[in-house]
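Dear colleague,

I am handing over the structure we spoke about, and I would be glad if you could read the notes under it with the coordinates open beside you.

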Amino acid sequence: MSGAGESGLPPLAAYVHIPWCVRKCPYCDFNSHTYDSGLPEAEYIDALIADLELELPQVHGRELVSIFFGGGTPSLFSAASLDRLLQAMQQRLRFAGDIEITLEANPGTFEQAKFRDYRAIGINRLSIGIQSFNPEHLKALGRIHDDSEALAAVDMARRAGFDNLNLDLMHGLPGQSLAQARADIDQAIALGPEHLSWYQLTLEPNTVFYSRPPQLPEDEVLWDIQEAGQARLAEAGYAQYEISAYARGGRRARHNLNYWQYGDFIGIGAGAHGKLTQPDGTVERNWKTRQPKDYLNPQTPWLAGSKRLSAEELPFDFLMNALRLVEGVPSAWYQQRTGQSLAAIAPLLDKAVQRGLLEPWQQQLRPTEQGRLFLNDLLEMFL
């Protein structure tokens with residue numbers, strides 16, 4: 001686990017949002033937008049660098065432990081464009097010697113030479129949005145790739161030199177059976193990724209699936225899929241360390257782990273969010289304007305809003321991240337990263353222990369197995 005940095009502040013990461021996709025998936029509630037013609041790569045990179053400049057006064061002298069290119073589909077951008085941004089970031093921020101730099105990619109955008117170039121510019125981790133290996137389920141999810149392209153993408157990533165791969169895999173898909181879910185997991189394991197993000201499809205507001213819900217598996221089937229999947233992943237050497245994250249030894253996602261451990265991060269790009277601890281110990285969250293056309297308009301400010309969290313908001317904000325982790329976090333981090341005394345919420349913590357949702361908390365804030373299964377119930381106690 002990562003404790004406080006040399007400044008006494010939490011570790012610092014950077015999130016870069018690339019908002020364009022070839023097609024908007026019907027389940028997706030991320031800030032992603034389809035494009036009609038050529039992408040404005042050069043203009044967007046210019047805007048990202050200028051956006052970064054505005055963040056610098058708040059993070060001066062701090063070391064960057066990870067960078068995550070998310071979207072949208074960041075792999076639509078060329079390696080040359082991403083390299084220009086990475087060089088600008090390195091000129092302005094101090095990179096950790098072992099910095100993790102992740103790029104999200106979708107199988108339908110893979111080209112061998114392109115991904116070799118990504119590796120050459122310093123991107124050292126790929127997160128590939130597979131979602132399923134079943135052709136019918138991929139079609140139902142609106143994905144632009146088929147099962148053969150999914151397999152080819154992993155092969156191309158390996159041949160491009162990537163030795164740190166995450167595969168995104170969903171379950172609880174429309175019409176999915178237990179056998180089909182198991183087949184997806186077995187295929188993923190056979191590909192040997194270092195990390196798997198395996199999570200249940202949920203119907204989110206402002207999505208096509210929310211307005212026109214597909215027929216999803218019954219709760220009993222979902223429960224069976226969850227139990228069988230976790231057992232199979234453990235058998236294959238993937239340790240669960242977060243609600244939906246499984247890794248082989250030493251390959252936990254450093255960037256996402258920083259979120260869950262209540263680390264700091266700057267967010268640049270359309271709709272990106274950031275969270276920073278101020279020198280006085282207060283915590284501030286901010287977010288950027290969502291629409292790409294507005295983000296690219298020099299007359300529109302990038303910062304859409306910011307909020308300094310109150311003492312009443314901090315317990316939930318901290319715990320909704322930390323309690324996603326199987327191991328939780330050291331109890332001392334609560335005061336270190338919120339500036340608040342843990343004693344102030346001790347009665348609520350004790351009540352959670354009595355309900356069997358939280359382990360005794362004096363040394364470690366850690367959910368029980370029951371607490372992980374009913375995480376929303378646990379977190380509601382701190383609202």
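This is a predicted model: local features need pLDDT of at least 70, side-chain atom pairs count only at pLDDT 80 or more; totals for chains, interfaces and linings use all residues.

Residues are numbered from 1 along each chain as its sequence is written, and side-chain values use heavy atoms, with hydrogens and water left out.

The second largest pocket has a volume of about 880 Å³. A pocket here is an open set of points on a 1 Å grid over the protein atoms alone, where a 1.4 Å probe fits, with protein on both sides within 12 Å along at least five of seven lines, and lining residues have an atom within 4 Å of a point; the volume is the space filled by probe spheres set on the points, which are joined across faces, edges and corners. Its lining has 25 residues, and those nearest the centre are Gln200, Gln226, Ile243, Arg372 and Leu373. Two or more lining residues come from each of β8 (195-200), α8 (219-235), α14 (369-373) and α15 (375-380), the largest share being the seven residues from α8. Helices (H or I, at least four residues) and strands (E, at least two) are DSSP runs, numbered from the N terminus.

In helix α13 (residues 346-354), Ala346, Leu349 and Ala352 are buried, where buried means under 20% relative accessible area and exposed over 50%, with partly exposed in between (1.4 Å probe, protein chains only). These three lie on the same side of α13, because they cover an arc of only 120 degrees around the axis, taken from the directions from the helix axis to the C-beta atoms. The buried residues of α13 pack against β16 (364-365) and α15, with contact meaning heavy atoms within 4.5 Å, whereas Pro347 and Gln354 are exposed on the face turned away from the buried side. Just after α13, glycine 356 has a positive phi of about 80 degrees.

The peptide bond from glycine 71 to glycine 72 is cis, with omega near 20 degrees, and glycine 72 is in the loop between β4 (63-71) and α2 (79-92). Glutamine 131, although not a glycine, has a positive phi of about 70 degrees; it is found in strand β6 (residues 125-131) and counts as buried at 5% relative accessibility. Tyrosine 262, also a residue other than glycine, has a positive phi near 60 degrees, lies in the loop between α9 (254-260) and β11 (264-268), and counts as buried at 1% relative accessibility.

With kind regards
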